[in-house]
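The following note sets out numbered points on the structure shown below.

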Amino acid sequence: MARSTSRAPTSSPVENVLAELVAGALSDAASRRAQTPLADLERKLDQVTPPLDALDLLQPRDHVHIIAEVKRASPSRGSMATIADPASLAADYERGGASVISVLTEGRRFLGSLADLTAVKERVTLPVLRKDFIADPYQVIEARAAGADVILLIVAALEQSALIALHQLAEQLGMRVLVEAHDATEVARGVDAGARILGINARDLRDFSLDRDRFGALVDRIPDGVVRVAESAVAGPADVRHYRDAGADAVLVGEALVTGSDPATTLASFIDA
């Protein structure tokens with residue numbers, strides 16, 4: 001059985017939300033592991049199409065890249081969109097010019113699933129990111145088995161040794177990793193772990209506070225050659241332009257796309273910004 005490598009929860013109120021999300025994700029992964037043991041999951045890897053290289057697609061261009069997210073709900077906003085057909089939404093994103101599709105697979109608070117990711121992967125020709133609270137090798141392997149090309153690792157949720165080990169495992173499986181940071185210390189830890197795609201989240205997942213200027217304050221700490229991703233706090237084209245002007249190579253957008261009536265047009269307007 002794969003050993004959990006999550007950061008031990010603390011009693012600090014500022015970390016309670018993130019600790020709860022990680023604990024829930026690990027519990028759900030343990031339930032899936034009881035149904036599909038690690039050895040069975042590993043055998044599925046040979047049946048999966050080789051991963052697409054999101055790092056190559058997210059290299060700096062003359063326009064900002066959009067990582068478009070399939071997202072039904074969040075702890076901060078509650079339910080946002082039903083999304084009965086995540087594959088159809090992802091196809092709209094591809095039509096609108098997205099570079100990568102992000103799929104929330106956490107089920108308790110975001111109402112997602114690995115089935116969503118698999119359905120999206122079967123529909124689009126773009127790299128697909130599994131966005132979840134990954135803290136165990138089993139979750140990395142099941143991401144690849146489900147078709148993921150990229151996974152998210154949140155620095156604040158992991159001890160450094162676990163961050164490095166999970167990052168290395170993902171790369172061994174051919175996937176890329178979006179390493180997410182919230183402050184200068186986390187950026188440094190992400191870089192030390194070998195991040196080649198590094199995101200700065202305007203929303204601190206420990207207490208869900210929001211600061212759109214966090215990216216601009218930290219972007220200079222990301223070394224040259226590392227793809228710089230701005231996450232959260234995007235309501236319209238002006239926000240995308242704000243991040244682009246601050247140095248973002250890519251912007252991850254979820255809520256503004258799933259709550260609009262025409263995601264493809266909305267996404268295209270973000271890229272034009």
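**Notes on the predicted model**

1. Asp116 is placed in helix α5. The model is a predicted one, and in it Asp116 has a relative accessibility of 8%, so this residue counts as buried, the limit for that class being under 20%.

2. The side chain of Asp116 has a polar partner: it forms a polar contact with the side chain of Arg72, at 2.5 Å. When residues up to four places away in sequence are not counted, Asp116 touches Arg72, Pro86, Val103, Leu104 and Leu111.

3. Gly199 belongs to strand β8, which covers residues 197-201. Its relative accessibility is 0%, and Gly199 is therefore classed as buried.

4. Beyond its neighbours within four places in sequence, Gly199 is in contact with Leu178, Val179, Glu180, Ala181, Val229 and Glu231. As for Val187, it stands 12 residues from Gly199 in sequence, with a C-alpha to C-alpha separation of 8.7 Å in space.

5. The largest pocket holds about 390 Å³ of space. Its lining comprises 27 residues, and those closest to the centre of the pocket are Glu69, Lys71, Lys131, Arg203 and Ser232. Divided by class, the lining of this pocket consists of 14 nonpolar, five polar and eight charged residues.

6. For the second largest pocket the space is about 150 Å³. Its lining is made up of Arg32, Thr36, Leu41, Lys44, Leu114, Thr118, Tyr138, Glu142, Ala145 and Ala146. At least two of the lining residues come from each of α2 (38-44), α5 (114-123) and α6 (137-145). Helix α6 makes the greatest contribution, with three residues. Helix α5, a contributor to this lining, is also the helix in which Asp116 is found.

7. How many cavities of 30 Å³ or more does the structure hold? There are two. The largest has a volume of about 50 Å³, and its lining is formed by Leu58, Ile67, Val100, Leu129, Val150, Leu178 and Ile197. These divide into seven nonpolar residues, with no polar and no charged ones. Leu178, which takes part in this lining, is also among the contacts of Gly199.

8. The second largest cavity has a volume of about 40 Å³. Its lining residues are His167, Glu171, Arg176, Val177, Arg196 and Ile197. Two or more of them are given by each of the elements α7 (160-172) and β7 (176-181). By class the lining has two nonpolar, one polar and three charged residues. Ile197 is found in the linings of both the largest cavity and the second largest cavity.

9. As to confidence, the mean pLDDT of the protein is 92, with 95% of its residues at 70 or more. Over residues 1-14, pLDDT stays under 50. For that stretch the model has 34 contacts beyond four places in sequence.

Technical notes
Residues numbered from 1 in each chain as written. Predicted model: local features only at pLDDT ≥ 70, side-chain atom pairs only at ≥ 80, totals over all residues. Heavy atoms only, no water. 1 Å grid on protein atoms, 1.4 Å probe; cavity = no way out; pocket = protein on both sides within 12 Å on 5 of 7 lines; lining within 4 Å. Points joined across faces, edges and corners; volume = space filled by probe spheres on them. Nonpolar A, V, L, I, M, F, W, Y, C, P; charged D, E, K, R; others polar. Helix = DSSP H or I, 4+ residues; strand = E, 2+ residues; numbered from the N terminus. pLDDT = per-residue confidence, 0-100. Contact = heavy atoms within 4.5 Å. Buried < 20%, exposed > 50% of the residue type's maximum accessible area, 1.4 Å probe, protein only. Polar contact = N/O pair within 3.5 Å; in protein donor to acceptor, adjacent residues only side chain to side chain.
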